[in-house]
Amino acid sequence: MFTKILIANRGEIACRVIKTAKKMGIKTVAVYSDADKDALHVQMADEAVHLGPPPSAQSYLLADKIVEACLKTGAQAVHPGYGFLSEKREFQEALAKAGIAFIGPDAHAIFAMGDKIESKKLAREAGVNTVPGYLGVIKDADEAVKIAREIGYPVMIKASAGGGGKGMRLAWNDAEAHEGFTSATNEAKASFADDRVFVEKFIEQPRHIEIQVLADSFGNTVYLGERECSIQRRHQKVIEEAPSPFLTPEIRKKMGEQACALAKAVQYKSAGTVEFIVGGATGEFYFLEMNTRLQVEHPVTEMITGIDLVEQMIRVANGEKLPFTQDDIKLNGWAMESRVYAEDPFRNFLPSTGRLTRYQPPAESANVRVDTGVYEGGEISMFYDPMIAKLITYGPTREAAIAHMRDALDAYYIRGLSHNIPFLASLMSKERFVKGNLTTNFIAEEYKDGFHANDLPADDPTVLVAVAAAVKATITDRNLKTSGQFAGHDMKTPVEWTVVLNGAYHDIECRHAEGGFAVVIGGEAVSVKSDWQIGQPLFVGTVDGRAVCVQVDRDGVSYTLAHAGSRVKATVLTRRAAELNKLMPFKAPPDMSKYLLSPMPGLLRAVEVTEGQEVKAGEPLAVVEAMKMENILKAERDGTIGKIHAQPGESLAVDQKIIEFA
């Protein structure tokens, strides 16, 4: 067995590989850029080698630097994780030339399957169903429009070397095809140094289902069931689960056998994933692509099979046979994964960068797993993917896995930047999601006007009022112990308070009761029990016997309570103070409607208008790039450009003025 491996990656996947390597008694080498010198994967590894400046092209994408790091540290093998160099044939060849093992497939398979155009041609030759489309290289936007018309709208424009939703655009008409080709080409060039794109028919109401395969160098190939990956936003997966609530055993077997046949056709070895698009009405499936690497969502497969995919990848790379056959693979229970991102769902999911001033993931157990590459005090950099963690839950049934996910999201405490946990909580509450009625259009259909506060699951105000009262009572208890009195009350007799919850006034009574407090709300007594102490971020306990986990943040004389994705301001006042509070004037925020503000920190790529120009609603105004994604900012209404405040090439802060309307 290898004694030392290098992980040519960063973040949560680097940490994930290190965990398995340590379990196997293998020493690890991390690589890092300037931005990652204090990163968690660097701290976890036995050794670390500096690569260069923060941009990936000057650090993590430098194959020669990584080969040099292997030779310097004596690493015998490299695990590439996903992204970066994981599917670069030249990287595998460079390692082989240096006598270093690649923990993944051979260069032949990477080449055959890594290029989306070539892989579809190979799949067709192998008799695998593929989506109708044009697989030639498209020279310009006009040709893209012509091809799209011939195929028939809607069409999907995709980067040949793409992945992670980058270089992809959906077009329903000529204008969108023209604009989509330009944006997809630009993103593909920036992200993959390869601007080739192709066009294929977009299958409506589709499901995205992928098959996990595992193969060794002795011709043994197995499939480890499927993953349902239909919950996507902008072609990036948000929720994944295994197994799929849609597949029958018969369809699973057919897809699995086709996936294995395709893997064998390219003499595949290691872990890989064959992705299919499945018609929701017919159950017919079409080959989409093969990812010749470990997938982001691999933990859900590990949870239901009990197989450590990273360990098997390492063993296969070391020349070992798979220790099981297809008949040995059993799927047990249900697993679900939520991708926790540093983004603001209330601002159209714009990336949020900065420092994690507080970071407390939920406790791991047999039902909860957290794969992360960050820690409290660390930073989410503008140079890389904004993923904070992958939150995985497991249960004997799908309903149990969802219930564990809801509880784990409540317990995930993140401060210092925006995150998408409210959106994830909303998804888990959707009746359609709970029923398993999923397609890749799910988010677009369920959140037609974007994500807003009213999309959050309805929460019982009684729970939050009771928790607010218990928080106040706990503080009162401490004050009584230190001062001997508190406004003449000793909490053994009822105290009358008013809880102001997001502007709504609730008159209550609160007193000590066995194991906690009794709170009378609207004439009904509610029992609250918890061991919460002042300063703790989580209020964990029960309200009338119901288990609750509420996040608690001090906000001046008030508290902000977070539960089920919602954040509400709670203030506990005396009755007289509440009466006076109602008389306080409201200060309206300044009107910024005449400005185009940068919705995110990023680079201003282009300003599409000039001062004095008249614009119509929907016309492009500016292009801002963040996290390697181009964001076209368009006019929301007709108007005239008054003044341009920022110039192309300028780094923008969130809410920085770009354009002022006359």
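This is a short talk on a few features of the structure shown above.

Hi everyone. One thing to keep in mind is that we are looking at a predicted model.

Let's start with the nonpolar cores. The largest one has 37 residues, and the members touching the most others are Ile388, Tyr412 and Leu427. Which elements build this core? At least two residues each come from strands β12 (236-242), β15 (334-341), β20 (368-372) and β22 (387-395), and from helices α12 (398-411), α13 (421-429) and α15 (442-446). Take tyrosine 412 as a way in: leaving out residues up to four places away in sequence, its contacts include Val340, Val370, Ile388, Leu391 and Ile421. Gln551 is also among the residues that tyrosine 412 touches. A separate core of 33 residues lies apart from the largest one, with Ala466, Val467, Ala470 and Tyr559 among its members.

Now have a look at α13. Of its 9 residues, 8 are buried, so this helix is mostly covered. The buried ones run from Ile421 and Pro422 through Phe423, Leu424, Ala425, Ser426 and Leu427 to Met428.

Next, a pair of helices. How do α7 and α8 cross? The axes of α7 (residues 141-151) and α8 (residues 174-192) come within 8 Å, at an angle of roughly 135°. That angle is why we call α7 oblique to α8. The crossing is right-handed. On the α7 side, the residues in contact include Ala141, Val145 and Arg149, and they meet a group in α8 that includes Asp174, His178 and Phe181. Sorted by type, the residues of this contact are 6 nonpolar, 2 polar and 3 charged.

Let's move to the backbone. Tyrosine 153 is joined to proline 154 by a cis peptide bond, with omega near 0°. You will find proline 154 in the loop between α7 and β7 (155-163). Another cis bond links alanine 242 and proline 243, with omega about -5°, and proline 243 sits in the loop between β12 and α9 (249-265).

Aspartate 544 is in the loop between β28 (538-543) and β29 (546-555), while asparagine 502 is in the loop between β24 and β25 (504-513). Is asparagine 502 buried or exposed? Its relative accessible area is 54%, over the 50% cut-off, so asparagine 502 counts as exposed.

Last stop, glutamate 496 in strand β24 (residues 495-501). Glutamate 496 is partly exposed, because its relative accessibility is 44%. Beyond its sequence neighbours within four places, glutamate 496 contacts Ile508, Glu509, Thr574 and Arg575.

Key:
Residues numbered from 1 in each chain as written. Predicted model: local features only at pLDDT ≥ 70, side-chain atom pairs only at ≥ 80, totals over all residues. Heavy atoms only, no water. Helix = DSSP H or I, 4+ residues; strand = E, 2+ residues; numbered from the N terminus. Buried < 20%, exposed > 50% of the residue type's maximum accessible area, 1.4 Å probe, protein only. Contact = heavy atoms within 4.5 Å. Axes fitted to C-alpha atoms, helices over the stretch in contact; angles between N-to-C directions. Parallel < 35°, antiparallel > 145°, perpendicular 65-115°, else oblique. Left-handed = near helix turned anticlockwise from the far one by under 90°. Nonpolar A, V, L, I, M, F, W, Y, C, P; charged D, E, K, R; others polar. Core = buried A, V, L, I, M, F, W, Y, C linked by side-chain atoms within 4.5 Å.
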